[in-house]
Every structure is written in structure tokens, then in C-alpha cells.
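Please find below my notes on the model. They are set out as numbered points, each on one topic.

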Amino acid sequence: MSYCMAIPVLYLINRPRRPDFPLHHLSSSMADVETSQRHLVVLGAGVIGLTVAYLAATDPGVAFKVTVLARDMPEDMHSQAWASPFAGANWSPLPAASTDPRVYNWELVTFNKFWDVIPTGLVMKLPSKIYSRRAGDPSKLWWSKLVRELHELDHSEIPEPYRFGVGFYTVSVNPQEYIPWLKSELLSHGVTFEQQEVRSLEELRPLVGPQGILVNAASLGSRSIIGVEDTKLYPIRGQAILVKSPNIREFLAVEADDQSTQGGEATYIIPRPGAKYTDTVLLGGTFQSGNWDTSLHMDVAHRIFERCAKVAPSLKDNGVTKILRHQVGLRPGREGGARVEAEIIKFPLSSTHDLVPWEPAGLEPTGSMKVVHAYGFGAGGYQASWGAAADVLTLVKQE
């Protein structure tokens with residue numbers, strides 16, 4: 001979820017180089033499918049899993065039959081068991097890309113991809129302002145070459161008590177329309193979907209097959225799937241308010257500091273595009289690491305609304321602003337950052353706890369499976385999605 005907690009407006013680093021590989025822009029026509037195709041199974045139907053499946057399904061260099069397998073599907077957009085429906089789904093400056101060239105490149109690729117799609121209406125070109133209590137120099141921001149038309153705000157554009165601000169153009173998508181759109185595109189390219197809860201990698205052996213590959217985009221589920229059991233994963237609780245407010249047409253945020261982030265709370269306002277869901281704006285929010293609570297806290301909601309109204313007073317126009325819903329989701333945080341790497345899993349599974357679930361007869365007693373992991377993107381899943389998926393596909397294609 002692209003929430004603006006911990007925006008390092010004045011954080012200076014050496015800027016990583018731009019990536020030199022483009023995303024594939026391919027027609028919707030399908031090549032002849034050979035009966036000898038290997039199977040590529042993508043575990044997880046969130047924004048990362050669906051984007052990986054899209055690149056695999058539209059790349060002529062990938063001769064795979066693609067299946068997306070997940071407990072929560074794009075039809076389950078109100079389920080709190082996954083993060084993608086509740087994301088901010090915009091690009092905003094998050095700390096990971098300021099220090100990790102790999103993440104910076106993912107975000108640069110994704111930003112450029114989204115920017116190119118603006119004319120379709122699926123992505124919104126979003127005027128943006130970020131306010132800070134500290135003075136700064138826009139030209140020295142690590143993300144100055146990533147966004148469009150970055151500039152320092154005039155003093156008259158900066159509300160009290162802030163001293164400095166920057167303006168720029170960013171992008172946003174609407175998860176309620178973007179995730180179903182990705183699924184429709186995948187179906188048109190022959191990708192199949194299967195809904196299933198997976199407890200162990202052993203369960204996937206018949207579907208993946210002896211020559212197939214598994215992409216594990218199971219997000220926080222990778223903490224509990226036997227054979228992965230990644231204890232570096234942790235939840236980052238995000239609470240927000242979705243409103244209808246046609247007068248708010250720009251992304252607004254406040255730079256995080258010790259005073260503005262008490263209790264893991266932040267201030268951001270994200271307008272969204274939408275054909276069906278028009279004039280929607282996300283008000284946030286919270287960024288509470290290690291918190292598994294998915295219940296709604298109305299005292300937090302009141303604080304979110306009041307903070308947002310200070311930078312966008314029109315929110316308090318009851319004749320215009322309508323509260324659509326409150327939402328709580330769990331972002332998939334991970335110590336050390338997102339995991340994008342390949343490994344060979346050996347069967348039967350071994351575990352330190354010696355409590356691997358029993359599987360029915362019929363499976364070969366031994367074997368192996370290539371697994372490419374793609375999870376743990378924290379608040380940056382959407383804004384890293386196309387770049388990270390391109391790296392995942394590279395790993396898939398490597399023998």
C-alpha cells in the first residue's frame with residue numbers, strides 16, 4: 001500500500017542509475033500453444049502476482065501455460081485477508097527506494113509504465129504537494145528525476161505550521177478497478193484461475209508438474225506456508241477512509257517526523273481514477289508495524305479525518321464530501337526488504353519442527369521444484385509492481 005508514512009523529503013543519497021530494460025508492450029493475440037508447454041503457477045492474486053502473470057502471458061519468450069492460484073481472488077475485494085484491495089495505490093516517496101537501487105529501479109520502471117497508460121483512464125495523472133516542517137532543496141531529493149515537474153512551492157501555497165513544500169506530478173490507480181482489469185486481461189490471454197488455500201508447497205507439486213515453475217507471490221501468507229515459513233515477514237496495519245469528494249483533485253501529504261507520526265499515524269490524501277467508482281479519495285492513515293489487528297478503530301478514524309481536513313479544508317463541506325467506507329488492511333512488511341529470488345525446493349519437505357502436514361498417496365516420494373519468490377513489498381507493492389515483475393520473469397526464464 002502506497003501510504004506516505006516516513007516520507008524522507010530531505011533525505012539525500014546518491015541516485016541509482018536508471019534501468020536500461022523496457023517493459024514489454026505486446027498485442028493481445030495469442031501465439032499457438034504447444035501441448036508440451038511447461039506450467040507456470042503464480043501463487044497469489046494480488047497486484048504483484050497478477051502483474052507477474054501478465055508479463056509471463058504476454059512475453060513470446062515464455063512458453064508456459066500460466067495459472068494463478070490463490071485463496072483470495074479479484075472478486076474478493078472486501079476480504080481483509082489480503083492487502084491489494086486496501087492499498088493507497090499511488091506513487092509516493094517511500095524510504096526503501098532511497099537506499100536500495102533495486103527498489104528504485106522497480107519504481108522507476110513502474111512509474112514510467114503507469115505514466116504511459118494515463119490516456120486510457122486506468123491511471124490518473126495526479127498533481128501533488130508534500131509539506132514539511134523543515135526547509136529543503138527540491139533538486140537534491142533522491143526522487144527528483146523519478147516524478148514529473150518537481151518544483152518548490154511558493155510560500156502562499158504552504159499551510160501552517162509547515163515551512164517548506166514541493167509540488168510535482170505523480171500517478172494513482174484505483175484497486176477496485178485495476179485488480180479486476182488485470183484479471184480480465186489475463187483471461188483474454190488464456191491464463192486460468194483456481195481458488196484454493198495452500199498450506200504447504202507439497203500440495204502444489206501435482207499442479208506445477210516436474211518441469212514447471214512456481215512464482216510465490218503469497219504476501220504475508222509466505223510466513224505460514226510450509227516449505228517457505230519466512231519469519232522475516234510482519235504486518236504493517238493500515239487504516240484509512242474512502243470518501244467521495246469531487247473537489248479534491250491533488251495528492252496531498254505531510255512529511256513524516258517525530259511529531260506527526262505518534263502511534264504510527266500519517267497524513268495523506270490520494271484521489272483516484274475510476275469509470276465506475278468516480279471522484280473517490282483515500283484519506284490516511286496509519287503505518288503500524290507488527291500490528292495484526294484488522295478491526296476498525298473509530299478514534300483513529302476521527303484523527304485521520306481531522307488531520308486531512310487541515311490540509312484540505314473542503315473535506316468538511318458536508319454537502320460535497322460523502323464517507324463511503326472505513327477500511328483496514330495489513331501490508332506485507334519484511335525485514336531486509338522484499339524477497340525477489342529463486343530457489344530449488346527439495347521434496348519431501350524437511351523442517352526443524354518435524355510437523356509437515358501429511359499428503360495423500362500418489363506423489364513421488366522425492367523431487368524438486370523451482371520457486372521464484374516475490375513478496376514482502378510493504379507499502380510499495382503497486383509502485384514497484386511492473387519493475388519487480390520484470391525481475392521475477394527474468395528469474396523464471398533462467399535455467
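**Notes on the predicted model**

1. Threonine 51 sits in helix α1. The model is a predicted one. With a relative accessibility of 0%, threonine 51 falls under the 20% cut-off and therefore counts as buried. Leaving aside residues up to four places away in sequence, threonine 51 touches Leu182, Ser385, Trp386 and Ala389.

2. Helix α1, residues 47-58, packs against helix α7, residues 381-397. The angle between the two is about 40 degrees, and their axes lie 8 Å apart. The crossing of α1 past α7 is right-handed.

3. On the α1 side, the contact with α7 is made by Val47, Ile48, Thr51, Val52, Tyr54, Leu55 and Ala56. On the α7 side, the residues are Gly381, Tyr382, Ser385, Trp386, Ala389, Ala390, Val392 and Leu393. Sorted by class, the contact of α1 with α7 holds twelve nonpolar and three polar residues, and no charged ones.

4. The length of α1 is in order. Its twelve residues should span 16 Å at 1.5 Å a residue, and the end C-alpha atoms are 16 Å apart, so the two agree. Helix α1 is mostly covered, with eleven of its twelve residues buried. These are Val47, Ile48, Gly49, Leu50, Thr51, Val52, Ala53, Tyr54, Leu55, Ala56 and Thr58.

5. Helix α7 also packs with helix α3, residues 101-117. Here the angle is about 110 degrees and the axes are 6 Å apart. Since angles of 65 to 115 degrees count as roughly perpendicular, α3 and α7 are placed in that class. The α3 residues in the contact are Trp106, Glu107, Val109, Thr110, Lys113 and Phe114. From α7 come Tyr382, Gln383, Ala384, Ser385, Trp386, Gly387, Ala388 and Asp391. The contact of α3 with α7 divides into seven nonpolar, four polar and three charged residues.

6. Which residues of α3 are buried? They are Val103, Tyr104, Asn105, Trp106, Glu107, Leu108, Val109, Thr110, Phe111, Lys113, Phe114 and Val117. Because twelve of its 17 residues are buried, α3 is largely enclosed by the rest of the structure.

7. Arginine 272 belongs to the loop between β10 (265-271) and β11 (280-286). Is arginine 272 buried or exposed? Its relative accessibility is 3%, so arginine 272 counts as buried. Not counting residues up to four places away in sequence, arginine 272 touches Ala87, Gly88, Met124, Ser172, Val173, Asn174, Pro175, Leu242, Thr280 and Leu282. The C-alpha atoms of arginine 272 and leucine 122 are separated by 9.5 Å, although the two residues are 150 residues apart along the chain.

8. Some totals for the chain follow. There are seven helices and 15 strands. Of the 399 residues in the chain, 56% are buried. Among contacts in the chain with a separation of 6 or more, 81% are between residues 24 or more positions apart.

Conventions
Residues are numbered from 1 along each chain as its sequence is written. This is a predicted model: local features need pLDDT of at least 70, side-chain atom pairs count only at pLDDT 80 or more; totals for chains, interfaces and linings use all residues. Side-chain values use heavy atoms; hydrogens and water are left out. Axes are lines fitted to C-alpha atoms, for helices over the stretch in contact, and angles run from 0 to 180 degrees between N-to-C directions. Helices (H or I, at least four residues) and strands (E, at least two) are DSSP runs, numbered from the N terminus. A crossing is left-handed if the near helix is turned anticlockwise from the far one by less than a right angle, and right-handed if clockwise. Contact means heavy atoms within 4.5 Å. Ala, Val, Leu, Ile, Met, Phe, Trp, Tyr, Cys and Pro count as nonpolar, Asp, Glu, Lys and Arg as charged, and the others, Gly among them, as polar. The expected span of a helix is 1.5 Å times one less than its number of residues. Buried means under 20% relative accessible area, exposed over 50%, partly exposed in between (1.4 Å probe, protein chains only). Angles under 35 degrees count as roughly parallel, over 145 as roughly antiparallel, 65 to 115 as roughly perpendicular and the rest as oblique.
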